Structures are given as C-alpha cells and as structure tokens.
Amino acid sequence: MSIAEPVSPRWEPTPRWERRYREVLDAAATIFANKGYAAASTRDIAERLSVRQASLYYYFPSKEAALAAICELGVKDFIVNLRGILEQPIDTTAKLRAAIANHLSPLRSRPEADYIRVFLHHRHELPSGLRQSIATLARAYQSLIERLFAEGLAANELRSDLDPGLATLALLGLCNSVISNRALPRSSSIDDIIDEYARIFVSGVAAEPRVDSARRGERSGTPKKRAPRGARS
C-alpha cells in the first residue's frame, strides 16, 4: 500500500482520474519547491491549477498527505532504478556512474526536479508517522548505495581500505549539493555535472591497477635500493 494514499473514491479510479491526480501532485510539488512547504497553501495549489480549493480534497485529504505522496514518488523511482543498476553485469565504477546519473537525472526537467527537491528539503516537516514512513524509504535507498560499495569491495574493484558507510554519505552529499543549489552553472548541463562528479568520485574510490613492486618503483621514479657495502659480493 502507498504511504500517502489519495482519497479513495467509491469507484475504481479511471485513467483520467489518475492523470489528474498526478497533475495535482505536480502542481503541489512545484508550489512546495518554490515557496517552501510551510509557506505554501492548498489555495496556492488550486490557483496554479485554476480550480476551486475544495476540489483538491477529491485527490488528497490534506496538505500533509500531498507532501507525503510527493516525497514517496520522489524516492521510489530512485530505489527501483538503483536496484536495476545493481543487477547489471557491469563493473563497479560503471555502476557508480549510473547511480550518480540516477540521482541527478531528475534535475533535467520540471516538475521531476521539484519532487526530489521537496523530498530533500521538506520531508522532515511531515507529521509523525508519515515522516517515519518516508524515512524508511530514504534508508532503503541509502542501504542500496552502501551495498554497491560493499559489492565493489568484495570484487576487489575498490580500494581495500574503503568504508562503504562513509563512501555512501560522501556520494549522497556530493549529489545532494547539486539538488540544493537552485542555480546551476550556466556553462554546465546536468550531463556535464554527472560526468564530472563521476570522475571526481570514482577516482577516489577505485582500486589501483596491480603492478609488481619493481615496476611500481620504476614508474614512480624511485631508485632501487643499493645493498650495503658489506653485503656486496
């Protein structure tokens, strides 16, 4: 069952009803993202849709229910997509790039970007119960990223001293910094940011290619150690 169910009509929802329900949530997500959840009202949402305020309650019973539904949609697609990434037959660094793309791709367009911004900034404003339910989804997403790092370690594709928990927090912090910044650099597209963040992050966690000690010394320019005088034949 969904965390924040829409008002259950006495009939089976039609495709038209479902489309309208999503349009209402899209409008609510944009209003919450622009004005902040606390400052926004259902009147604002109704005005954006050019409908009577009372008609919104046909789709959700309260502003809190709308926020919960937006936060749920904002993270559920991340979870589904990340599970698919983890199952792909590709190496860990490719999975990391795909995970970063999964996290940042919603920023390409609105209202998709509004959903994730509302999730990031306003889920803590939900009342008890709904807040804990959304937090459970957030932890599920975080645990999948941690699993990605743990599996990469097991495959010897990441640094042996890497802490999966700390690496997860670093990746989330890096990606969320872009989501929090409403004004993205004009010279960079979302794809540019995904590519650059993937390079920055992967270069810090990938395992170094294995080379024997003699070749490592030659590559680094380190001179070979000379034997002590007394030890020479």
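Close-up 1. Lys95 touches Ile85, Leu86, Gln88, Ile90, Leu148 and Glu151, leaving aside residues up to four places away in sequence, where contact means heavy atoms within 4.5 Å. The model is a predicted one, in which local features need pLDDT of at least 70 and side-chain atom pairs count only at pLDDT 80 or more, whereas totals for chains, interfaces and linings use all residues. Residues are numbered from 1 along each chain as its sequence is written, and side-chain values use heavy atoms, with hydrogens and water left out. Lys95 belongs to helix α4 (residues 92–104); helices (H or I, at least four residues) and strands (E, at least two) are DSSP runs, numbered from the N terminus. Lys95 is buried yet has no salt bridge, and the nearest side chain of opposite charge, that of Glu151, is 4.5 Å away. Buried stands for under 20% relative accessible area, exposed for over 50%, and partly exposed for values in between (1.4 Å probe, protein chains only). A salt bridge requires a side-chain nitrogen of Lys or Arg within 4 Å of a carboxyl oxygen of Asp or Glu, and for charge Lys and Arg count as positive and Asp and Glu as negative, while His and the chain ends are not counted. The side chain of Lys95 also reaches the backbone oxygen of Gln88, at 3.5 Å.

**Close-up 2. Aromatic pairs.** Rings of Phe, Tyr and Trp (its six-membered ring) pair if their centres lie within 6.5 Å, with planes under 30 degrees apart counted as stacked, over 60 as edge-to-face and the rest as tilted; by this rule the count comes to four aromatic pairs. The rings of Phe32 and Tyr37 have centres 5.1 Å apart and planes at 80°, so this pair is edge-to-face. Phe32 is buried, at a relative accessible area of 0%, and Tyr37 is buried as well, at 6%. For Phe149 and Phe201 the ring centres are 5.9 Å apart and the planes lie at 50°, so that pair is tilted. The pair links distant parts of the chain, 52 residues apart, with Phe149 in helix α6 (residues 130–154) and Phe201 in helix α8 (residues 190–205).

**Close-up 3. Charged groups over aromatic rings.** A charge sits over a ring if NZ of Lys or CZ of Arg is within 6 Å of the ring centre and within 35 degrees of the ring normal. Lys63 lies over the face of Tyr37, at 4.3 Å from the ring centre, and the charged end of Arg123 sits over the ring of Phe119, 4.4 Å from its centre.

Close-up 4. Arg110 is placed in the loop between α4 and α5 (112–122) and, at 47% relative accessibility, counts as partly exposed. Its side chain makes polar contacts with the side chains of Asn34 (3.0 Å) and Asp114 (2.9 Å); such a contact is a pair of N or O atoms within 3.5 Å, where within protein one must be able to donate a hydrogen and the other to accept it, and residues adjacent in sequence count only if both atoms are side-chain atoms. The peptide bond from Arg110 to Pro111 is cis, with omega near 10°.

**Close-up 5. Positive phi at Ser50.** Ser50, a residue other than glycine, has a positive phi near 60° and lies in the loop between α2 (42–49) and α3 (63–87).
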